[in-house]
Amino acid sequence: MDELLQNHLFATHAIAASGSVVFGTALTYPLDTIKSLIQVGSGSSKQLSASQVINRVRALSGYSGLYSGFEWLAWGRIFGMGARFGIYEVLTAFYKDGREDNYVHVSEALMAGMAAGAVESLISSPFELIKLRAQVTSASRFSRATPVTENKAVVPIARLLRGYTPDMKALNHYVGMLSILNSKHPNMVGAIQEYPWMMTGSGRPPSVYDVRRPSEIISLEGWGALWRGLRSGVARDSVFGGIFFSTWQFLHRAMLDWKVVGMDPPPRFFIELFPCHLVQRVSLLNVFS
């Protein structure tokens, strides 16, 4: 591992990959914002168009709102793609160990790609959640149910969002309503305090733009909220990773087999088939995988 970290080629590839990810994300991020807001804001009776989304974001956040949350997606993709290719290379190294031709079969590439995709989803899920909430915030109007006032005494209550003050009258009202029920809960007040929106007097959960920072998400919803929807994400990225690497390997093998045809004598190992022009063709074809 120390040799790998000191390898200048490894560092060069890591920097080049990070730069290309950031550049590609920067070019396409406004499209991702428009797509996300259309998915979030459209319903059966209301279908948003791209122009409506752009106009709303411009009116509320300016054109910079189209890049709201960009840094989270960029970091998520850097770490996620690094994990995808890193895990794949580690797993395929075990497959190739002891083989003379250093070759990976398509089925092995499929299994390694699925494992790499699962790890990628695990790493990138928190970044995608925060990115999505930042995008929604760019098209949302801010409102507070109970704003903070300087002269109002704030009662220290756990899991209360910053910018809100507890309304003890509302809290006592809820306790009074629930006290007539035949409940054996040992600490009803403590249970109600787990739902901060009941203490603000609004009676409604906070909007997504009130819970958009990592600290706010963790304090209100817990650590598990950062990986909400993880199973569907793992399924998506596992299938994608498996198909990506297995198709890559299949096309790579097809190109090599095509090159072997007509060679006399046939080469013993595939490594003997790599002049520069063939490497360029193989790399170009594998991109389409």
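Which residues are buried in helix α9 (residues 214-221)?

## Helix α9

In helix α9, Glu216, Ile217 and Leu220 are buried, where buried stands for under 20% relative accessible area, exposed for over 50% and partly exposed for values in between, with a 1.4 Å probe and protein chains only. Seen down the axis of α9, these buried residues fall within an arc of 100 degrees, so they line one face of the helix; the arc is that of the directions from the helix axis to the C-beta atoms. After α9 comes Gly222, whose phi is positive, near 90 degrees.

## Basis of the model

This is a predicted model, in which local features need pLDDT of at least 70 and side-chain atom pairs count only at pLDDT 80 or more, while totals for chains, interfaces and linings use all residues. Residues are numbered from 1 along each chain as its sequence is written, and side-chain values use heavy atoms, with hydrogens and water left out.

## Overall make-up

The protein has 11 helices and zero strands, these being DSSP runs (helices H or I, at least four residues; strands E, at least two) numbered from the N terminus. Of its 289 residues, 32% count as buried.

## Ser238 in helix α10

Ser238 lies in helix α10 (residues 230-260) and is buried, with a relative accessible area of 10%. Leaving aside neighbours within four places in sequence, Ser238 is in contact (heavy atoms within 4.5 Å) with Gly113, Met114, Gly117 and Ala118. The C-alpha atoms of Ser238 and Ala116 are separated by 7.2 Å, although the two are 122 residues apart along the chain.
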